[in-house]
Amino acid sequence: MGSRTIIRSNLIASGLLIAGLLLSACNVNAVDFESARIEINDIALQVEFAQTFEQRAQGLMFRKTLCASCGMLFEFDPEKQASMWMKNTFIPLDVAFIDRNGVITDIKPLQPQDLTSVGASKVVKYALEMNQGWFAKHDIHVGDQLIVNPSR
């Protein structure tokens with residue numbers, strides 16, 4: 001009878017472990033994102049749009065890859081001197097902070113899993129996260145203009 005109890009306990013523990021893992025996997029992608037069309041220097045993109053607190057908190061966390069022209073636009077309402085960190089984020093990124101007029105105020109690198117807060121130098125309306133090097137590759141700099149949801 002002792003071995004049956006041990007087997008039963010092991011089965012229950014295994015079942016609880018599997019259930020916990022499944023629940024935690026469900027929570028990783030529990031937040032859904034809308035999309036936004038943006039345009040920078042005649043480059044049109046469709047990016048994920050984080051406009052609620054929950055969406056901004058989730059951001060690009062837990063992602064292992066990001067396509068070459070994919071990114072996430074964060075909207076801050078009200079505008080603020082925003083900052084980002086890379087908790088549970090596995091992809092090296094660059095962030096462009098953007099003011100209410102669509103002007104890029106800063107472009108800063110973000111390193112995977114770095115808990116250092118990286119902030120805008122001014123009050124901003126948006127932040128755009130892209131793969132690290134994307135802005136440089138496309139010759140996009142501080143002072144360039146971003147248009148959100150351009151009508152075309």
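Asn88 sits in the loop between strands β4 (83–84) and β5 (93–98). Helices (H or I, at least four residues) and strands (E, at least two) are DSSP runs, numbered from the N terminus. This is a predicted model, in which local features need pLDDT of at least 70, side-chain atom pairs count only at pLDDT 80 or more, and totals for chains, interfaces and linings use all residues. Residues are numbered from 1 along each chain as its sequence is written, and side-chain values use heavy atoms, with hydrogens and water left out.

**Backbone exceptions**

- Asn88 is not a glycine, yet its phi is positive, near 55 degrees.
- Asn88 is partly exposed, with a relative accessible area of 23%. Buried means under 20% relative accessible area, exposed means over 50%, and partly exposed lies in between (1.4 Å probe, protein chains only).
- Phe62 also has a positive phi without being a glycine; the value is about 75 degrees.
- Phe62 belongs to the loop between α2 (53–58) and β3. Its relative accessible area is 31%, so Phe62 is partly exposed.
- Asp77 and Pro78 are joined by a cis peptide bond, with omega about 10 degrees. Pro78 is part of strand β3 (residues 71–80).

**Nonpolar cores**

- A nonpolar core is a set of buried Ala, Val, Leu, Ile, Met, Phe, Trp, Tyr and Cys residues joined through side-chain atoms within 4.5 Å.
- In soluble globular proteins, nonpolar side chains tend to be buried together.
- The largest core here has 19 residues. Among those with the most contacts inside it are Phe74, Phe76, Leu110 and Ala127.
- Strands β3, β5 and β8 (124–131) are the elements that give two or more residues to this core.
- A second, separate core has 17 residues, including Ile38, Ala96, Ile98 and Leu128.
- Leu110 touches Met84, Leu93, Val118 and Glu129, among others, not counting residues up to four places away in sequence. Contact means heavy atoms within 4.5 Å.

- Asn41 lies in the loop between β1 (34–40) and β2 (43–50).
- Its relative accessibility is 36%, so Asn41 counts as partly exposed.
- Asn41 and Asp144 are 103 residues apart in sequence, but 7.3 Å apart in space, C-alpha to C-alpha.
- The side chains of Asn41 and Asp144 make a polar contact (2.9 Å). Such a contact is a pair of N or O atoms within 3.5 Å; within protein, one must be able to donate a hydrogen and the other to accept it, and residues adjacent in sequence count only if both atoms are side-chain atoms.
- Leaving aside neighbours within four places in sequence, Asn41 is also in contact with Asp139, Ile140 and Gln145.
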